[in-house]
Amino acid sequence: MGRYDFDQIVDRRAINASKWNVTEGIIPMSIADTDFLSPPEVSEAIRERVAVESYGYSRMTDADYDAILDWIGTHQRQEVPREHLLSTPGVLYTMRVVMFALTEPGDRVIVQTPLHTPSIGSAELRRRVPVKNQMKRLPDGRYTFDLDNLERCLAEGARVLMMCAPNNPTGRVWTMEELSGLADLVKEYDAWIVSDEIHRDIVYRGKRHIPISTLPGMEERAITVFSTSKTFNMGGFHIGSAIIADPRLRADVTQAFYEYGHSCGRPSALCIVAQTAAYKHGAGWLEELLEYLDGNISLALKYLEGTPLAVFRPDGTFLLWVDCEALGMHTDELKLFMREKARIQPAPGHYFDTYQIGEYTGLQHHFRLNIAMPRSLIEEAMDRLRNAVLAL
Ligand SMILES: Cc1ncc(COP(=O)(O)O)c(C=O)c1O
């Protein structure tokens, strides 16, 4: 056994965790945070800070920025000058601010589906026009970019691509070859990439997350947005980082933070302490987490063997993107089946195809499972799902 106990059941219903706002008896597997405790060093640092009992305005110090730079240098081999790094209030917020800074109303913004819903919806806010570049599904079930269609989108005038790496929901960690193909087109059409890398630390053995901004000629055209939220289960803190090499864009984004409110980009006292502690002391904890999640994935896949459900083992993320086409159910039937028969709550597939989630168009033949929970709970959830499907 390792140093950390990921088997421990944490009563997150009792602390009003969004994920656990479900009917008693249903196992929630939708919202993408984990049911594990955060690294103990994070809580220790917060306790130490709270002991001072003074909570006035605080600022990020050089040591806080260095903790981020050291982490990304070690874990993503991303060497970044200090002045390119901005502190942010979170990932989605920053993705939007950057996209708005790069576009005008009426401009087209490319999203590659399947994709985390709010990232699709971002483009529709403030009258930008989302253009879907649906990813291709290879014969083995893996998804990859449709570069031919991406080129059409760029040729028709889109200049901003909203990217998700590793991809939520498919769990793909993009290879150098895939990223190079994308980067070549973006350079050819003089476009930008806004890269949501919130899942960048959750990558399994044999895979490597490559920030697209580190590819030749991409430093200034690719904006990297990330945080500790997924890695250390710290989504409740609302703090993150962005790397923006282009000085004009960086100034625009800084100005937008200022205009949206004095506190934007100036994280709260406890968030700073928590983030710095995680980056400085969380590496060993993360290593054990990845082993544990890998075990959960193997277990979940085993339960799905011999059922009509098809799934491709994710390269990264703690999400399973499950093809349920063989069940022949549309969204309403699938939701009812999951609630009444399997007694679990996955995220329905159409969430990853359209922002108009009430319309139930698109990827109804999939659902997404969050497997980041103690082994006993994932075992129970997958057993329920397997039995319910086999009983059909
Ligand atoms: C791909 C992706 N981006 C962004 C977010 C949310 O980030 P934040 O809470 O920092 O806005 C999530 C959370 O599920 C996510 O999966």
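Figure 1. Glutamate 53 is located in the loop between α1 (40–50) and α2 (62–75). Helices here are DSSP runs of H or I with at least four residues, strands are runs of E with at least two, and both are numbered from the N terminus. Most residues other than glycine have a negative phi, and most peptide bonds are trans. Glutamate 53 isn't a glycine, yet its phi is positive, about 60 degrees.

A quick word on what you're looking at: this is a predicted model, where local features need pLDDT of at least 70 and side-chain atom pairs count only at pLDDT 80 or more, while totals for chains, interfaces and linings use all residues. Residues are numbered from 1 along each chain as its sequence is written.

**Figure 2. The whole protein, for orientation.** You'll find eleven helices and 15 strands in the protein. Its radius of gyration is 21 Å, close to the 21 Å that the globule rule gives for 392 residues, so the protein is as compact as a globular protein of that length. That radius is taken over C-alpha atoms, and the rule is 2.2 Å times the number of residues to the power 0.38. Of the 392 residues, 47% count as buried.

**Figure 3. Arginine 343, in the loop between α10 and β13 (344–345)****.** Here's another residue other than glycine with a positive phi, near 60 degrees. Arginine 343 is partly exposed, with 16 other C-beta atoms within 10 Å.

**Figure 4. Helix α10 meets helix α11.** Helix α10 (residues 331–342) and helix α11 (residues 375–390) pack at about 110 degrees, with their axes 9 Å apart. The axes are lines fitted to C-alpha atoms, for helices over the stretch in contact, and angles run from 0 to 180 degrees between N-to-C directions. That makes the two helices roughly perpendicular; the cut-offs are 65 to 115 degrees for roughly perpendicular, under 35 for roughly parallel, over 145 for roughly antiparallel, and oblique for the rest. Look for Phe337, Lys341 and Ala342 on α10, and Arg384, Leu385 and Ala388 on α11, which make the contact. Two residues are in contact if their C-beta atoms, placed from the backbone, lie within 7 Å.

**Figure 5. Helix α5 alongside helix α6.** Helix α5 (residues 147–155) and helix α6 (residues 176–188) pack at about 15 degrees, with their axes 10 Å apart. The pair is therefore roughly parallel. From α5, Leu147, Leu150, Glu151 and Leu154 meet Gly181, Leu182 and Leu185 from α6.

**Figure 6. Two cis prolines in one loop.** Proline 166 sits in the loop between β7 (160–164) and α6, and proline 169 lies in the loop between β7 and α6 too. The bond from alanine 165 to proline 166 is cis, with omega near -10 degrees. The bond from asparagine 168 to proline 169 is also cis, with omega near 25 degrees.

**Figure 7. Aspartate 201, tucked into a loop.** Aspartate 201 is in the loop between β8 (192–196) and β9 (222–227). With 24 C-beta neighbours inside 10 Å, aspartate 201 counts as buried. Leaving out residues up to four places away in sequence, aspartate 201 touches His75, Thr231 and Leu286.

Methods
A residue is buried if 20 or more other C-beta atoms lie within 10 Å of its own, exposed if 12 or fewer, and partly exposed in between; C-beta atoms are placed from the backbone.
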